[in-house]
Amino acid sequence: MQEYVLKTNQISKKFKGHTALDKVNLSIRKGSIYGFIGQNGAGKSTLIRMVTGLAFPTEGMIELFGASDEWALIQARKRIGSMIESPALFPHMTASENLEANRILRGIPGRDCVPRMLEQVGLQEAGKKKAKNFSLGMKQRLGLAIALLGDPEFLILDEPTNGLDPMGVIEMRELLKRLNRELGITIMISSHILSELHLMASHYGIIHRGVLLEQLTARELNDKCQQYVFIKVDNPDMATAVIQNELGTADFEVMQDGAIKLYSCIEQPGKLSSLLFSAGLEIEKFMPMGEDLETYFTKRIGGNSHV
Amino acid sequence: MYNLIRVEFFKLRKNRSFWTLLFAISVLSLVYPMLYYFDHRSSGEPQFTGAQFLLTFISSNAYVIKFGVAVLAGFFISNEYSTGVMKTIASSGNTRGRLFAAKLIVFAVGAMAISLVFPIVSTVEVSLLSGFGQLPEGSSVLFLSRVLGLTLLYTAGYAAIGALFTVIFTDSGKTIGFSMIFFLMIDMALAAVGSKISFFATLYDYSIFKLVGDIGKPSIDSGDLPALLLVPLLTFVVVGMLGILVFRRKEIK
């Protein structure tokens, strides 16, 4: 039987006639990295805020570590670390003092966790620097260090890579993967950088206009992402004629630059390339490809919308 | 609860606004008696003694309390909404009631510290310059401790109101602005309404806004003492509970 750290049951949130969340049934398995995807205003932060106790559902129920009544939910939140929308820091305090304040708040014994957390996020040299003097990337790291205090079992991160430089993004990804792999921390992560999510998430939830459209595993996503062969030849018209006449399919797309995306008959790329070659076409590019998460997401929400 | 109070004290200790307020009021408390001292010296009038100064100017301390509570409420509590720290606090696995109670207690302690600066610093300074002198006839020997004790109690009452405003406004500027206006206007408003409707006149008579003026009375009738003690206590408890109720329903953005 699968163990879930979070389940929402028909959860809805309405603000003055506007439905921010509509009967969402979301579930996150223990040990997974759950990529939560949606456009701005789709309801991601609203749901995260309800899970962390910052907002209250209009209808429905939240189950956290199997607890669903009010008191048990509050207790269960002690097992969560979160960073919501932006790192929550005392600007006039140093990084160490910020961690110390949160350590006391959570009743964590011993001060040794403070330097350990700073080291874990690569801020060991900045412990005495005031948070207001931090770059956005450093603030994100400190926010993550605060979320990691007390060794949470479930980490909820809303846009954790905001403001990080490319190396910082890679380091953050590796850190999160390591926390998940070595400590078994379940992670829920919402991000606009879908390519980044694609590299770490084991499960996905796609939310659009307050409705959870789909939940799927990384394997299911890979299966669903449409495969095609990308063809670039010197004469696209002749190539399409060859594909239609010889393969008997019109399931292709000709791009503006003349490149062709062929969605059918892609199991035998060797036969296809031979056919094109035999027709006297000069093949510039010929690559089997698959759609990425971004394309899948865009198709799933039905348009050219941006995340 | 112990951890929550500890962390609030940690934050208060690190709060620059708190120390700035303490410092600024200390400086003003030193400068204010000096103005009288030099004025009286040049005009040849007899100098205030410490006891006379305290009796004459303790009522002015109400303004320090109101100002201190308003500013500290804005920078110590409301500021946590704008920095986002309130999100971490509210999601820490503690009940909203406990979170608010811990904040209120430590905020009240901070405001109390501010409220004692003027009476203590000024009285000590004047006493050093001109001696403490004698308390007027009829004043109890416990006058000093009573004045300071009541100052603390009334500050706690004001702090509860200030803390309630922080939950309602969740913004430093709005909290400070509204608190200042409220504390300065409430006397006039209640007195004006009270002149038309007797209930409000009674309400005003038994409110901290009116009774704070009685803190420095040289002698208090034994019949008045319970009201003088109970009103700030009840204000602290009732407004504190109201604050908890509002905070429990508050969605934190």
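**Close-up views of the predicted model**

**View 1. The hairpin of strand 9 and strand 10 in chain A.** In this predicted model, the hairpin that strand 9 of chain A forms with strand 10 of chain A has two residues between the strands, and A:Arg209 there takes a positive phi near 50 degrees. Strand 10 of chain A covers residues 211-217, and its pairing with strand 9 of chain A is antiparallel, running over six bridges. One of the residue pairs to look for is A:Ile207 with its bridge partner in strand 10 of chain A, A:Leu212.

**View 2. Strand 9 of chain A and its parallel neighbour.** Strand 9 of chain A, residues 203-208, is mostly covered, with five of its six residues buried. Strand 4 of chain A, residues 33-37, pairs with strand 9 of chain A in the parallel sense, and four bridges join the two strands. Within this pairing, A:Gly35 has A:Tyr204 of strand 9 of chain A as its bridge partner.

**View 3. The helices of chain B.** Chain B contains eleven helices and zero strands, so that, read from the N terminus on, its elements run α-α-α-α-α-α-α-α-α-α-α.

**View 4. The packing of chain B.** The C-alpha trace of chain B spans about 65 × 45 × 30 Å along its principal axes. Its radius of gyration is 20 Å, which agrees with the value near 18 Å that a compact globule of 253 residues would have. Of the 253 residues in chain B, 43% are buried, and among the contacts in chain B with a separation of 6 or more, 84% are between residues 24 or more positions apart.

Key:
Residues are numbered from 1 along each chain as its sequence is written. Chains are lettered from A and ligands numbered from 1 in the order in which they are written. This is a predicted model: local features need pLDDT of at least 70, side-chain atom pairs count only at pLDDT 80 or more; totals for chains, interfaces and linings use all residues. The radius of gyration is taken over C-alpha atoms; the globule rule is 2.2 Å times the number of residues to the power 0.38. A residue is buried if 20 or more other C-beta atoms lie within 10 Å of its own, exposed if 12 or fewer, and partly exposed in between; C-beta atoms are placed from the backbone. Two residues are in contact if their C-beta atoms, placed from the backbone, lie within 7 Å. Two strands pair if DSSP finds at least two bridges between them.
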